[in-house]
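Below are brief notes for a colleague who has not looked at this structure before.

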Amino acid sequence: RTYVAIVFYEQCQSYEEGFNAEYGEYQNLLAQIECITTTFRKLDKQNKLVTPGSTAHQVKKENTVK
């Protein structure tokens with residue numbers, strides 16, 4: 001119900017142009033999200049390798065917050 005049914009070819013063209021105009025930005029944002037997700041996954045793996053409460057854990061925690 002959010003979108004009006006496409007009745008005319010011009011409407012279709014308008015929607016397609018809008019999509020194409022924004023698609024590049026979408027791809028850039030998606031790439032940024034994937035990069036951040038990869039970073040968090042690496043941090044999670046590193047975090048699992050240290051004992052909670054240990055000096056190494058505290059150092060990792062402090063470096064992560066920076």
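1. Asp44 is partly exposed, with a relative accessible area of 37%, whereas Lys48 counts as exposed at 64%. Here buried means under 20% relative accessible area, exposed over 50%, and partly exposed in between, with a 1.4 Å probe and protein chains only.

2. Lys48 and Asp44 form a salt bridge, their closest N and O atoms being 3.4 Å apart. The term requires a side-chain nitrogen of Lys or Arg within 4 Å of a carboxyl oxygen of Asp or Glu. A search of the whole structure finds one salt bridge.

3. Why can these two residues meet? Lys48 and Asp44 are four residues apart in helix H1 (residues 9–48), so about one helical turn separates them. Helices are DSSP runs of H or I with at least four residues, numbered from the N terminus.

4. The model is predicted: local features need pLDDT of at least 70, side-chain atom pairs count only at pLDDT 80 or more, and totals for chains, interfaces and linings use all residues. Residues are numbered from 1 along each chain as its sequence is written, and side-chain values use heavy atoms, leaving out hydrogens and water.

5. Tyr26 also lies in helix H1 and is partly exposed, at 46% relative accessible area. Together with Phe19 and Tyr23, Tyr26 forms one aromatic cluster. The whole structure holds two aromatic pairs, a pair being rings of Phe, Tyr or Trp (its six-membered ring) with centres within 6.5 Å.

Key
Phe/Tyr/Trp six-rings, centres within 6.5 Å; stacked < 30°, edge-to-face > 60°. Helix = DSSP H or I, 4+ residues; strand = E, 2+ residues; numbered from the N terminus.
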